[in-house]
Each structure stands twice: as structure tokens, then as C-alpha cells.
Amino acid sequence: MSARAARITASNFHEIKTKSENIISRLIGQGKPLENNAVHWVIKQEPIAKKRYKAYMKLKKKQNVNVEDMGLVLCAQCSYIGASPDGLVKSDTNRYLLEV
């Protein structure tokens, strides 16, 4: 969580745009982290979704892919902007980000 402190991320961008007074406290580490039923559901379901994605790619697309977990990725030009993709997909021919 400390890597996200004082950074605009994909997770908080909507809140920054619409409710800036609440997000400022979170950005400087004084607010509560984003936590609700939806967040807990995503945390629980994400590993299942990744496995299903790999199975889909193998069965339907005839591609063996590997999905690597990712942490916070910072913008090269603006290090205060970041995102945490759900995975990095690697195949024999491609590399791309996965968001489930």
C-alpha cells in the first residue's frame, strides 16, 4: 500500500475526478484504504478468473499462455501516476496486460 501513497492510480482516478476532497486524505496516507464488499469479492475471484482465462486461451484460441502477477506499475514520465494490472500475459508470440 505504501507504494500507492501520493499517487494517482487506475483504482482511485474516478474518485479523484468526482470526489477530490475524500481522495486527498487517502493519497497522503490519512484516509482509510478503499475497502468494501466489491473489493473483497474481486480479491477472492481474481485467481479464479485468471485460471479460467488461461483455460479459455488454451481451449478456444489454441494458445498456451502464462499469466504472471504484477504489482504497481508507474508511468515512466509521471511517477505519481500508476496502475496495478491483474497480470502480465506471455505467450510464444505476445505479451500484454490482463485486467479481469
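Guide: In this predicted model, the largest pocket has a volume of about 1,000 Å³. Its lining is made of 34 residues, and those closest to the centre of the pocket are Arg4, Ser11, Leu34, Val39 and Ser84. Sorted by kind, the lining holds 17 nonpolar residues, 10 polar ones and seven charged ones. Two helices, H2 (20-27) and H3 (37-59), each contribute at least two residues to this lining. The largest share comes from H3, which gives six residues.

From H3 the chain can be followed onward. The loop between H3 and S2 contains Lys62. The phi angle of Lys62 is near 55 degrees, which is a positive value in a residue that is not glycine. As a rule, most residues other than glycine have a negative phi. Lys62 is also exposed, since its relative accessible area is 68%, and the cut-off for exposed is over 50%.

In general, the strands of a sheet pair through backbone hydrogen bonds, in either a parallel or an antiparallel way.

S2 is joined to strand S5 (residues 87-90) by three bridges, and the two run antiparallel. Within this pairing, Val67 stands opposite Val89 in S5, while Asn66 has Lys90 of S5 as its bridge partner. On the S6 side, four bridges join S5 to S6, again in antiparallel fashion. One of the pairs to look for is Leu88 with its bridge partner Leu97 in S6. S5 and S6 make up a hairpin, with four residues between the two strands.

There is another open sheet to find. It also consists of three strands, in the order S1-S4-S3, but its pairing is mixed. Strand S1 (8-9) and strand S3 (73-74) are its edge strands, and each of them pairs on one side only. S1 is joined to strand S4 (residues 81-83) by two bridges, and these strands run parallel. Here Thr9 stands opposite Gly82 in S4.

Thr9 also gives a way to locate a cysteine. Thr9 and Cys75 are 66 residues apart in sequence, yet their C-alpha atoms are 9.9 Å apart in space. Cys75 is found in the loop between S3 and S4.

That leaves the matter of cysteine bonding. A disulfide is, in general, a covalent bond between the sulfur atoms of two cysteines. The structure holds zero disulfides. Cys75 is in none, and the nearest cysteine sulfur to its own, that of Cys78, is 4.7 Å away. Seen from Cys78, the closest cysteine sulfur is the one in Cys75, and at 4.7 Å it is too far for a bond, because a disulfide requires sulfur atoms within 2.5 Å. Cys75 is partly exposed, with a relative accessible area of 28%. Cys78 likewise counts as partly exposed, with 24% relative accessibility.

Technical notes:
Residues numbered from 1 in each chain as written. Predicted model: local features only at pLDDT ≥ 70, side-chain atom pairs only at ≥ 80, totals over all residues. Heavy atoms only, no water. Pairing = 2+ DSSP bridges. Buried < 20%, exposed > 50% of the residue type's maximum accessible area, 1.4 Å probe, protein only. 1 Å grid on protein atoms, 1.4 Å probe; cavity = no way out; pocket = protein on both sides within 12 Å on 5 of 7 lines; lining within 4 Å. Points joined across faces, edges and corners; volume = space filled by probe spheres on them. Nonpolar A, V, L, I, M, F, W, Y, C, P; charged D, E, K, R; others polar.
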